[in-house]
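Biologist: I would like to go through this model with you, one topic at a time. Could we begin with the contacts inside the chain?

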Amino acid sequence: MRSYRDLFRTPEFTPLFLAASAQTLARTTSGLALATLVHRETASPLLTALSMFGPSLAHVLGATLFMSAADRLPPRATSVGTALAFTATTALLALPGLPLTAVFAVLLVQGLVASVSGGVGWGLLNEILPKDGYLLGRSVFNMMHGLTQVTGYATGGILLALLSPRLSLLLAAALYGTAALVARLGLTRRPPRATGRPSVRATRHANARLWSSPARRHVYLGLWLPNGLIVGCESLYVSHAPHSAGVLFACAAAGMLAGDVAVGRLIPADRRRRLTTPLLLLLATPYLPLVLHPPLAVTAVLVTVASVGFGASLVQQERLMAVTPPDLSGHALGLHSSGMLTMQGVSAALAGGLAQLTSPAAAMTTLAAASIAVTLLLASTRKPTTPPRDAPSPDRPH
């Protein structure tokens, strides 16, 4: 598979793509609206960061307890059900007078649902596309995420200026409902990828298999830590520039889009494999000067350049699939997604705490320096990738 045209000619790719686009647009719109609402009510950088990225913390529970569902539930029904769950919970967040504790309880539920839906969606993508098409397909999804984030944050900023955060949340709920409808009408019914019922025991067994490989452990740490710390920087955009956060988020999404296009389409495979460390260093280094409080235009350029480095995740995901048995593909990708989002939530909490003690700019620079240190440490311990040796094992009854 060599072209984007081939991707969109593949059955089910287009509806999966459209449903994911609607959900990404809903997530960016609702995230910015809720963070703005919390910032207006509390003026707390920590609570503002947690309101936007806090649901990611719930992914560690989902990955530990429920991730076996990613390969053991029917993909279409699960995709529709999770989108409807987001519809209902996002509408709930729009209720006036909802206590802050209730807000974070709803965000916890959303994080648990998202931990399963991510594994289902990425596993389905891996199933729909031929083996040589996964990286190109994932790059298109990443580009879509970049474009819809630009659109979502720009639209969200306009809506916040013209309407209110609660109306923006209701619009996001409608977008989640649209995603559920597209998935129901556009995806075909197919059986689960693995047999047996989802259970905590099955989840732990699969996690143990995935984590038993040193090659997979190294890839997972590379996917979770360096970019998670930089998302912690992004969680401070609202506190750092309350009236221009939408601009910074849009610039970050544009940079990520450029990186995904370059890595997924323009750079040959033999060169692509050597770019992981340089891209991760690019991801963090432009944040170092923010401690000097440059003008907004300079900050926007730095954020755009830095976000090109997110393209490293495409190379890392390709490596992950190369060392993962087929019967664990959905679980492996779900674990990657959940671990990445959990680290993003941890980093958001860490960034918010540092910003409370110092300033948002100082906290962003500190997290960027930590990301650089982690990237260099992982680069010094990386070993050549080898094919998976753990053959699929028969599932036990649970």
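Biologist: Which residues does T276 touch, leaving out those up to four places away in sequence?

Modeller: This is a predicted model. In it, T276 touches A312, V315, Q316, R319 and R382, not counting residues up to four places away in sequence.

Biologist: Where does T276 lie, and is T276 buried or exposed?

Modeller: T276 lies in helix α15, which covers residues 276–284. Its relative accessibility is 3%, so T276 counts as buried.

Biologist: R382 is on that list. What does H218 contact, its neighbours within four places in sequence aside?

Modeller: H218 is in contact with L378, T381 and R382, once neighbours within four places in sequence are left aside.

Biologist: Which helix holds H218?

Modeller: H218 is in helix α11. That helix, residues 214–234, packs with helix α18, residues 329–357.

Biologist: What are the angle and the axis distance for α11 and α18?

Modeller: The angle is about 35°, and the axes are 8 Å apart. The crossing of α11 and α18 is right-handed.

Biologist: Which residues make the contact?

Modeller: On α11, the contact is made by Y220, L223, W224, L225, N227, G228, L229, V231 and G232. On α18, the residues are A332, L335, H336, G339, M340, M343, Q344, S347, A348 and A351.

Biologist: Changing topic: how many salt bridges does the structure hold?

Modeller: The structure holds 4 salt bridges. One of them joins E12 and R190, with the closest N and O atoms 2.1 Å apart. This pair links distant parts of the chain, 178 residues apart: E12 is in the loop between α1 (4–9) and α2 (13–42), and R190 is in the loop between α9 and α10 (200–211).

Biologist: Are E12 and R190 buried or exposed?

Modeller: E12 has a relative accessible area of 11%, so E12 is buried. R190 is buried as well, because its relative accessible area is 18%.

Biologist: Which network includes R190?

Modeller: E12, E127 and R190 are linked in a network of salt bridges. For E127 and R190, the closest N and O atoms are 3.5 Å apart. E127 is in helix α7, residues 100–128, and is 63 residues apart from R190. With a relative accessible area of 33%, E127 is partly exposed.

Biologist: What about R166, with which residue does R166 form a salt bridge?

Modeller: R166 pairs with E41, and the closest N and O atoms are 3.8 Å apart. R166 lies in helix α9 and E41 in helix α2, so the pair ties together parts that are 125 residues apart in sequence. R166 counts as partly exposed at 25% relative accessibility, whereas E41 counts as exposed at 53%.

Biologist: Last topic, the surface. Which residues form the nonpolar patch?

Modeller: The patch is formed by I158, L162, L163, L167 and L170, which together have about 500 Å² of accessible area.

Biologist: Which helices each supply at least two residues of the patch?

Modeller: They are α8 (134–162) and α9 (165–186). L167, for instance, is in helix α9, and L167 counts as partly exposed because its relative accessibility is 44%.

How values were computed
Residues are numbered from 1 along each chain as its sequence is written. This is a predicted model: local features need pLDDT of at least 70, side-chain atom pairs count only at pLDDT 80 or more; totals for chains, interfaces and linings use all residues. Side-chain values use heavy atoms; hydrogens and water are left out. Patches are made of residues with over 30% relative accessible area and no salt bridge: like charges are joined within 9 Å, nonpolar side chains (Val, Leu, Ile, Met, Phe, Trp, Tyr) within 5 Å. Accessible areas come from the Shrake-Rupley method with a 1.4 Å probe; for residues, only the protein chains shown count as cover. A salt bridge is a side-chain nitrogen of Lys or Arg within 4 Å of a carboxyl oxygen of Asp or Glu. Helices (H or I, at least four residues) and strands (E, at least two) are DSSP runs, numbered from the N terminus. Buried means under 20% relative accessible area, exposed over 50%, partly exposed in between (1.4 Å probe, protein chains only). Axes are lines fitted to C-alpha atoms, for helices over the stretch in contact, and angles run from 0 to 180 degrees between N-to-C directions. A crossing is left-handed if the near helix is turned anticlockwise from the far one by less than a right angle, and right-handed if clockwise. Contact means heavy atoms within 4.5 Å.
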